[in-house]
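Here is a short report for a reader new to this structure. Look at the model first, then follow the text through it.

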Amino acid sequence: MPWVAGWATCSAGVDVATAQASAVQDLIDVFGRLPGIGPKSAQRIAYHLLKADAEESRRLAAAVVAAKERVGFCSRCFNLSETEICALCTDERRDTHVLCVVEEPRDVIAVERTREYKGRYHVLGGAIDHLQGVGPEQLKIRELLARVDAENITEVIICTNPNLEGEATALYLGRVLSVPGLTVSRIASGLPVGGDLEYADELTLGRALEGRRTVDHPAPAD
Ligand SMILES: [Zn+2]
């Protein structure tokens, strides 16, 4: 019986991957490549799906495909959107002259949860990280400068993460946004340094927004 033989070789110290059907291993590998999922969690999710009824895995697969097909980026603020321009950009009740600059679409949700902010957003698509080869030109900074000009923006609130990359991005933005008549502010400290905006609780992030400070415009580097 191959099943028994499998157990025998496994206990003899054979590679775990060979003891698992290759389709199971493929599934674990796929989940293991997702952010925040370690090898153990990947295995747990794969085993859960294999044990659950077929409908559950069909729903999961269909949801992934549908989201990927339907959701794109808002052509104005680069938040996730199912339409050309997202609902936040078209909401007339929001202040059209204030922009909150964040790194990722998930940060928009974090700021929205505070209920402290009623302006619009601009999603950079990341932060300056020279070690990873991410410079200003890889981010939506050119688009931000164009919006500040075209949409008569009077205040830009820089809401990048309170870590090295987020601070480097905030410094860079403070420099390039040195435009007469434009107030540039940075959310106040009080957020855990090195952390992510999305993990800050609503109250802390709300206070950080309220206590934002105007960024001094340093002289150009050269
Ligand atoms: Zn938008």
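## A contact point to start from

Arg212 touches Ile157, Ser185, Arg186, Ile187 and Ala188, leaving aside residues up to four places away in sequence. Two residues are in contact here if their C-beta atoms, placed from the backbone, lie within 7 Å. Arg212 and Ile157 are 55 residues apart in sequence, yet 7.8 Å apart in space, C-alpha to C-alpha. Arg212 is found in the loop between H10 and S7. With 18 C-beta neighbours inside 10 Å, Arg212 counts as partly exposed. The cut-offs are these: a residue is buried if 20 or more other C-beta atoms lie within 10 Å of its own, exposed if 12 or fewer, and partly exposed in between, with C-beta atoms placed from the backbone.

## The model and its confidence

This is a predicted model: local features need pLDDT of at least 70, side-chain atom pairs count only at pLDDT 80 or more, and totals for chains, interfaces and linings use all residues. Residues are numbered from 1 along each chain as its sequence is written. pLDDT is the predictor's confidence in each residue, from 0 to 100. The protein chain averages a pLDDT of 86, and 84% of the residues score at least 70. Where pLDDT is low, the predicted coordinates should not be read in detail.

## Overall make-up

The protein chain has 10 helices and 7 strands. Helices (H or I, at least four residues) and strands (E, at least two) are DSSP runs, numbered from the N terminus. Buried residues make up 24% of the 222 residues. Among contacts between residues at least 6 apart in sequence, 57% join residues at least 24 apart.

5 strands form an open sheet in the order S4-S3-S5-S6-S7, with mixed pairing. Two strands pair if DSSP finds at least two bridges between them. The edge strands are S4 and S7 (213-214), and each pairs on one side only.

| Pair | Sense | Bridges |
|---|---|---|
| S3 and S4 | parallel | 4 bridges |
| S3 and S5 | parallel | 4 bridges |
| S5 and S6 | parallel | 4 bridges |

Val101 stands opposite His122 in S4. Val101 also stands opposite Ile158 in S5. In S6, the bridge partner of Ile158 is Arg186.

From S4, Arg120 and His122 point one way and Tyr121 and Val123 the other way; all are buried. The chain crosses from S3 through H7 to S4, and this β-α-β crossover is right-handed. That term applies if, with the strands pointing away from the viewer, the path from the first strand over the helix to the second runs clockwise. S5, H9 and S6 also make a right-handed β-α-β unit.

## The core

The largest nonpolar core has 34 residues. Such a core is a set of buried Ala, Val, Leu, Ile, Met, Phe, Trp, Tyr and Cys residues joined through C-beta atoms within 7 Å. Those with the most contacts inside it are Cys100, Val101, Val102, Val156, Ile158 and Cys159. The elements that give two or more residues include S3 (98-102), helix H7 (105-114) and helix H8 (141-150). S3 gives the most, with 4 residues. Cys159 touches Cys100, Val101, Val102, Asp107, Val111, Ile187 and Leu197, not counting residues up to four places away in sequence.

Most residues other than glycine have a negative phi. Phe78 has a positive phi of about 70° although it is not a glycine. Phe78 sits in the loop between strand S1 (72-73) and strand S2 (80-81). With 23 C-beta neighbours inside 10 Å, Phe78 counts as buried.

Asn152, likewise not a glycine, has a positive phi of about 50°. Its place is in the loop between H8 and S5. Is Asn152 buried or exposed? Asn152 is exposed, with 11 other C-beta atoms within 10 Å.
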